[in-house]
Amino acid sequence: MNEMRDLRGFDHKRSVQDYIDETPIWRDGTRVAATPMTAMQWRIWWLAAAGKFFEGLVVFMTGVTLPLMSREFGMDAFQHGLVGAASLAGILFGALLLGGLADQFGRKLMFVAEMVIFIIFLALLAVSPSFGWTVVFLFGIGIALGCDYPTAHLVISESIPSVARGRLVLSAFGFQAVGALTGTLLGYLVLSNIEAVSAWRLMYAAAILPAVAVAVARLFVPESASWLLAHGRVEEAQQAAQRLLARSPQYPKSIALSHRHHGHAGGAAHDQGHDRTPAALFKTPHNRRATVLAAVPWFLQDLSTYGIGIFTPTILAAAFGHQTDVGRNLSDLVSADLLASEGAALIDLLLLVGIGAAVALSDRIGRIPMQIAGFVGCAAGLLVAALSTYYSGDRAVTMVVIGFMLFNFMTNLGPNAQTYLIAGEVFPTRIRGMGAGFAAAFAKIGAVLTAFLFPILLADLGTRTLLFVLIAASLLGAVVTWHYRIETRGRSLDDIGI
C-alpha cells in the first residue's frame, strides 16, 4: 500500500490547525478526498459527546421525576419551579465560573474535573434526604454540566479538521437529544416496573457507572495542542499534536509548530490574546459583535427550549385530562406520569431528527441561515400549540403534539444546535473558553427564568399566553442573529477573531 506524504513538505513551521486540516496524497500522486480522522480524534469526539448525553439525560428526565418528587416532599408550584431551575442555575454558574478555567488551566484538566463533579453530585442526589438537599444536589450537577458547555466544544473543535467541524461538533451536541430521549425512556422503564414514590432516585442512580467510565477514559486524551501553543509551550504542543495525529501509515511524519500572527503582532490581535479578563469579550468591535451573537440568541432560545423540554410531560398530562392532583393515589399518579412520558418520548424523537438535519446541512448552508430559519420554525410550532387552546378533546391534544414536535425539530435544526456551535467558534483561542462559557451562562439565565417561572406562570397566565410570549422571543432571536451575524462555516479557527 502506498504511503501518505505531506503536501507542503517540512521546510517551514505551521500552526496546529494547518496540520489537522492538511489533506494528504498517496505516493503515486492520488489526492485523498478528505482529511482522515485519527483514532484519538474519534475518541475525543465520543468522550465529549458523552457529556452532552448526560446533560440531556439529567435535565430532561426531571420532567418525569417531578411528580414523584412532589409526592415524596409535598411540593407546591414554587418548589416545582425550584427543582426545574436548580440544575439550569448550576449550568449558569458552572459555565460562567468554571468554563473560563479551560483557558487558564487547560482543556483536559477541566474535561476530567467536570465529570468528577458530576458523578459526586449525581450520587448524592440519588440518596437525597430532603427537598432542600435535592435542590442543592441538582445545582451541583448543573455546575458540572455548565463547565462542560465550553470545554466539550473546545476539545472537539481544536482537534478536528475545519471542514468537518460543524457536523462533528453538532453530532456530539446531538447526544443531548439522545440523552433527553433516553432519560424519558429510562423513567418510563423504571415506572413500569417499580410503583414507588422513591423510584425517581433509581432513575438518577442509573447514570453513575456510565459517568465513571467516561471520567476514567478522559484521563487518557492529550491536551489541546492549540491551547498549549497559545501559552507558548511549543514543545508540549508538538508532542500533543503528534499524539493526536498518530495514524497508520503515519502522516505527517514530523510536526514543527509556530504561532500565526497574520501580520498583527503587537497590534489588536496581540493585545486581545493577552487579556483574559471578561473585559476582553467587549474590548474590540469583533469581540463585542461575537459576544452579542453568541449570547443573546442563545438566551432567547433557552427561554423556550428548557421551558417546553422540562415541562412537556406536565403540559401533556394536562392536555390528556390527567392534571396532577395531590389527592390522587400513587397508582393513578404513576399512571398519569407514564402516559405523559410516552407522549414526551414521541415528541423528543423530533429532537434527534432535527439535530440529524443540522449535522447534514450546517457545513453546507451555514450557521446563520439555519439559525434564523430555526427561530422562525420554532415560532410556527409554538403558534400551533398556542392555537390548540381554542379547542378541546382530541383536536387539542393533536395540535399540542404537532406543535411541540415541530418546535423540537426546528429548535435542534436551528438555534439549539447553531448557538452552541457558533459560541465555540467566533472567539480567538486565548479567550475562546471564556467567551463560550459567558455565552452559555448568559443563555442559562433564560433557562433558569423559564424553568423557575414556567409552573407559576402556567398556573397564573395559562398555556396560551405563555406560548405567545415564547413566540415573540423566537422571532426576536431571528432578528438579533441577522443583525450581528458572523458566518464561520468552513473557516479555520486560526482565522476567526483576527
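Tutor: Some background comes before the pairs. Residues 24 or more positions apart account for 83% of the chain's contacts with a separation of 6 or more; a contact means heavy atoms within 4.5 Å. The model is predicted, and local features need pLDDT of at least 70, side-chain atom pairs count only at pLDDT 80 or more, and totals for chains, interfaces and linings use all residues. Residues are numbered from 1 along each chain as its sequence is written, and side-chain values use heavy atoms, with hydrogens and water left out.

The chain has 20 helices and two strands. These are DSSP runs, numbered from the N terminus: helices are H or I with at least four residues, strands are E with at least two. Of the 498 residues, 58% count as buried. Buried means under 20% relative accessible area, exposed means over 50%, and partly exposed lies in between, with a 1.4 Å probe and protein chains only.

Now the salt bridges. The term means a side-chain nitrogen of Lys or Arg within 4 Å of a carboxyl oxygen of Asp or Glu. By this rule the count comes to 14.

Take Arg 201 and Glu 72. Their side chains meet in a salt bridge, at 2.6 Å from N to O. Arg 201 is in helix H9 (residues 199-205) and Glu 72 in helix H2 (residues 39-73), so the pair links distant parts of the chain, 129 residues apart. Arg 201 counts as buried because its relative accessibility is 15%. Glu 72 has a relative accessible area of 31%, so Glu 72 is partly exposed.

Next come Glu 425 and Arg 165. The closest N and O atoms of this salt bridge are 2.7 Å apart. Glu 425 lies in the loop between helix H18 (415-423) and helix H19 (429-460), while Arg 165 lies in helix H7 (residues 162-173), so the pair ties together parts that are 260 residues apart in sequence. Glu 425 and Arg 165 are both buried.

Asp 363 pairs with Arg 367. Here the closest N and O atoms are 2.8 Å apart. Asp 363 and Arg 367 are both buried.

There is also a network. Salt bridges link Lys 52, Glu 55, Glu 114, Asp 148 and Arg 218. Glu 114 is one of the buried residues in H5, along with others including Arg 107, Met 110 and Phe 118. Helix H5 covers residues 107-126, and its end C-alpha atoms are 29 Å apart.

Note on methods. Expected span 1.5 Å × (residues − 1).
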